2 protein chains.
Amino acid sequence: MTSKPSPPAQEKKRFQPFQVPPRLLFSPGPTPVPPSVLQAMTKTVLGHLDPVFLHCMDEIKAMLQIVFETANRVTFPVSGTGSAGMEAAVFNAVEAGDDIVVCPMGVFGERLLAIIERTPAHPVIVRGEWGEPIEVSKIEAALQSCRPRALALVHAETSTGVAQRLEGLAELAHKYDALLIVDTVASLSGQPVGVDENQIDICYSGSQKCIGAPPGLAPITFSERALERLRTRRTPVQSWYFDVTGIEKYWGQERTYHHTAPISMNYALHEALRLICEEGLEGRWARHELAHRALVAGLEAMNIQMLVTPEHRAVVVNAVCVPEGVDGARVRARLLEEHNLEVAGGLGQLRGKIWRVGLMGESSRREHLLRLLDALHQVLQAEGYACDSGLAAAEQVYAAS
Amino acid sequence: MTSKPSPPAQEKKRFQPFQVPPRLLFSPGPTPVPPSVLQAMTKTVLGHLDPVFLHCMDEIKAMLQIVFETANRVTFPVSGTGSAGMEAAVFNAVEAGDDIVVCPMGVFGERLLAIIERTPAHPVIVRGEWGEPIEVSKIEAALQSCRPRALALVHAETSTGVAQRLEGLAELAHKYDALLIVDTVASLSGQPVGVDENQIDICYSGSQKCIGAPPGLAPITFSERALERLRTRRTPVQSWYFDVTGIEKYWGQERTYHHTAPISMNYALHEALRLICEEGLEGRWARHELAHRALVAGLEAMNIQMLVTPEHRAVVVNAVCVPEGVDGARVRARLLEEHNLEVAGGLGQLRGKIWRVGLMGESSRREHLLRLLDALHQVLQAEGYACDSGLAAAEQVYAAS
């Protein structure tokens with residue numbers, strides 16, 4: 001057997017409990033987690049087959065059905081982050097010989113494509129301009145050009161702040177016998193998704209965005225049409241960990257052990273979903289919409305532009321153009337260091353050009369938004385960018401509501 | 001846009017905060033989580049690129065290197081449970097055209113095989129009897145019979161309580177140009193693994209076993225030999241989420257965003273690893289070994305047999321034969337309901353025949369072990385199985401230490 005001396009005393013004390021500053025997150029995920037959600041994780045960890053935990057799972061499923069607005073019986077959180085949900089969606093939907101139409105218009109659509117490229121399926125790409133949604137006519141042309149088994153796209157593109165309209169997409173996909181796969185990592189519970197109403201076949205999200213739990217789980221739901229596709233696969237899903245047929249035996253009635261569920265993260269998700277149900281989806285959407293309008297009004301009063309035209313803007317993630325002459329990275333660093341506020345920078349081709357402001361879950365509250373606008377004004381002034389405060393304009397939006 | 005009425009008041013109150021009984025877990029994972037580890041998860045969630053979180057990641061890596069006993073620079077927690085670590089290990093190691101020798105001797109070795117069967121690599125199977133380790137001569141014969149690129153096996157098989165000796169396996173694997181992949185999900189930090197000393201090329205574990213954090217992360221480490229294999233792959237890894245070349249850019253010096261790390265789970269892992277470093281690996285191994293010996297002595301005093309012969313027993317997971325005439329499932333249910341103690345049942349061909357007792361992390365403490373032996377005695381008496389108490393025999397082991 002390996003034998004090593006015990007570490008010397010100073011080595012034993014080398015690592016200290018971790019200290020965390022009181023950040024307020026306006027990045028588009030992770031988002032601020034309500035205290036009761038954090039506290040839920042301090043509950044005693046149960047076994048993954050403990051009847052009490054199985055009951056918790058049933059309630060998580062019921063609440064996810066409410067949040068996804070679906071009656072889908074196969075609805076559960078994938079044991080990984082949003083990208084794990086993305087991979088589970090793609091891997092279960094397609095196999096060798098399948099065409100899949102994919103519509104990237106930013107980093108997360110490109111990630112969908114990158115995942116499809118790891119499968120033996122063939123991607124048919126409809127690439128959009130960053131900052132704009134995909135034109136539906138181009139999607140239809142792509143569906144017509146191949147024998148599509150799925151159409152995959154992102155609802156609210158976190159890298160550009162664009163929302164893709166979901167209405168009508170299912171009719172289009174189903175007309176060509178394709179499943180509709182929609183990424184709602186950023187949007188779910190912050191703006192309407194409507195899985196059943198919009199006939200989405202596979203829809204996934206992330207725990208750490210509008211849902212307001214820590215990152216680590218990816219809620220997902222499968223329509224009967226998607227399950228039928230699973231049943232008639234010719235080849236196994238290329239990941240054992242993400243194979244829904246196996247996972248469903250644990251989340252469904254059979255309760256067959258698949259892998260050990262992340263117990264504490266599921267406690268957090270349970271509480272976060274409970275808070276959503278208590279607020280009600282409509283009220284929550286309205287709160288997000290109002291925060292979005294107040295942010296835009298505040299920024300416009302500061303003479304700062306949005307990247308996306310009003311009709312295509314996502315409510316939950318806002319792409320804000322860094323004003324001419326301002327060092328966007330410095331402003332973000334000062335917001336973080338001087339004000340404990342986190343705003344994200346641009347990704348890929350938008351690096352340095354935009355700030356990304358998430359108004360998701362807790363961050364879409366009035367008092368937080370006003371704090372952000374005030375701090376941004378102070379930092380911009382200190383950086384030599386002369387502008388008015390955006391507070392009055394934002395408050396006016398709230399007053400008028 | 002979808003429009004739905006707000007839920008009626010009774011619907012809003014349908015779900016209540018989740019209540020958890022004070023279970024003490026003797027299942028072989030999840031295991032009892034120390035209070036400071038649970039508390040660590042209540043810290044403010046930081047952004048995944050926040051400099052303060054990046055520092056936390058550096059400390060996690062440094063502590064994982066201590067626990068794995070390795071200098072491997074690519075050492076980090078996979079964002080999923082132990083099975084995710086298994087999949088990451090296999091997917092990164094092999095590709096189409098590769099032979100891989102795999103040695104199942106229980107459920108988790110069979111899972112390794114099931115995952116290999118999802119890859120385009122070819123498994124060469126050395127199957128052992130459940131309850132016994134794999135014979136090294138059979139492993140060598142298999143390595144000789146093909147052109148192996150990897151040899152994969154489980155160190156402590158959670159389903160049977162068998163420990164496979166690790167010494168000499170690397171020399172064997174490397175002689176045939178195969179990477180050595182070892183599953184230490186159950187064993188890491190509970191009994192010696194010695195990644196560098198035993199020249200293991202890819203070694204993975206789970207946060208929820210001896211490490212004592214909640215389930216949700218899978219620590220993994222790659223030798224330079226394994227990284228060289230990654231660099232010379234002809235095809236991409238079949239999972240984007242588990243592609244170590246991408247993840248390493250985030251955990252390494254480049255800090256390039258890959259996917260959002262499970263922030264709170266990493267806080268928990270940081271604190272759990274800190275407690276391990278404070279105790280020291282040698283002290284921790286000794287504590288586990290002592291608990292194991294005390295359990296066996298107690299059970300033998302109760303006239304209960306172990307499944308595995310002494311020289312092949314894992315320290316951390318104990319396969320206990322259900323005595324003749326006793327209903328094993330009833331005993332487990334009574335332990336849970338009457339005593340809040342969880343013991344696991346047998347899996348697969350051992351269903352109903354054994355109990356599986358995890359002595360992992362917190363559960364391998366003297367006071368907990370004695371509580372288990374006492375409760376088991378009470379339940380067995382109540383079930384009509386006449387036996388002595390195992391307490392005195394167990395206490396003797398502790399007294400003699």
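Visitor: Before we start, what puts two residues in contact here?
Guide: Two residues are in contact if their C-beta atoms, placed from the backbone, lie within 7 Å. Please note also that this is a predicted model.

Visitor: Good. Which residues does V244(B) touch, then?
Guide: Leaving aside residues up to four places away in sequence, V244(B) touches V74(B), A88(B), N92(B), F222(B) and L230(B).

Visitor: And where is V244(B) found?
Guide: V244(B) belongs to helix α9 of chain B, which covers residues 244-251.

Visitor: Is V244(B) buried or exposed?
Guide: V244(B) has 23 other C-beta atoms within 10 Å. The cut-off for a buried residue is 20 or more, so V244(B) counts as buried.

Visitor: What separates V244(B) from L143(B)?
Guide: Their C-alpha atoms are separated by 26 Å, and the two residues are 101 residues apart along the chain.

Visitor: Let us move to chain A. How many helices and strands are there?
Guide: Chain A has 14 helices and 14 strands. Its radius of gyration is 22 Å, close to the 21 Å that the globule rule gives for 401 residues, so chain A is as compact as a globular protein of that length.

Visitor: What box do its C-alpha atoms fill?
Guide: Taken along the principal axes, the box is roughly 65 × 65 × 45 Å. Of the 401 residues of chain A, 57% count as buried.

Visitor: Now α5(A). How many of its 10 residues are buried?
Guide: Seven of the 10 are buried, so helix α5 (residues 107-116) of chain A is largely enclosed by the rest of the structure. The buried residues are F108(A), G109(A), E110(A), R111(A), L112(A), I115(A) and I116(A).

Visitor: What covers them?
Guide: The cover includes helix α4 (82-93) and the strands β3 (99-102), β4 (122-125), β5 (148-154), β6 (156-157) and β8 (179-183) of chain A.

Visitor: On to helix packing. At what angle do α3(A) and α10(A) pack?
Guide: Helix α3 (residues 51-68) and helix α10 (residues 263-279) of chain A pack at about 45°, with their axes 9 Å apart. That angle makes α3(A) oblique to α10(A). The crossing is left-handed.

Visitor: Which residues make that contact?
Guide: From α3(A) they include F53(A), C56(A), I60(A) and M63(A), and from α10(A) they include I263(A), N266(A), L269(A) and L273(A). By class, the contact has 12 nonpolar, two polar and two charged residues.

Visitor: And how do α12(A) and α13(A) pack?
Guide: Helix α12 (residues 328-339) and helix α13 (residues 366-382) of chain A pack at about 120°, with their axes 10 Å apart. This pair is oblique as well, and its crossing is right-handed.

Visitor: Which residues meet there?
Guide: V331(A), R334(A), L335(A) and H339(A) of α12(A) meet A375(A), L376(A), V379(A) and L380(A) of α13(A). Six of these residues are nonpolar, one is polar and one is charged.

Visitor: Last topic, the two chains. How many residues are in contact?
Guide: The contact involves 76 residues of chain B and 76 residues of chain A. Helices of chain B that each supply at least two residues to its side include α3 (51-68) and α11 (281-301).

Visitor: Which helix of chain B gives the most?
Guide: That is α10(B), with nine residues. The side of chain B that touches chain A divides into 35 nonpolar, 25 polar and 16 charged residues.

How values were computed:
Residues numbered from 1 in each chain as written. Chains lettered and ligands numbered in written order. Predicted model: local features only at pLDDT ≥ 70, side-chain atom pairs only at ≥ 80, totals over all residues. Helix = DSSP H or I, 4+ residues; strand = E, 2+ residues; numbered from the N terminus. Rg over C-alpha atoms; globule rule 2.2 N^0.38 Å. Buried ≥ 20, exposed ≤ 12 C-beta atoms within 10 Å, placed from the backbone. Nonpolar A, V, L, I, M, F, W, Y, C, P; charged D, E, K, R; others polar. Axes fitted to C-alpha atoms, helices over the stretch in contact; angles between N-to-C directions. Parallel < 35°, antiparallel > 145°, perpendicular 65-115°, else oblique. Left-handed = near helix turned anticlockwise from the far one by under 90°.
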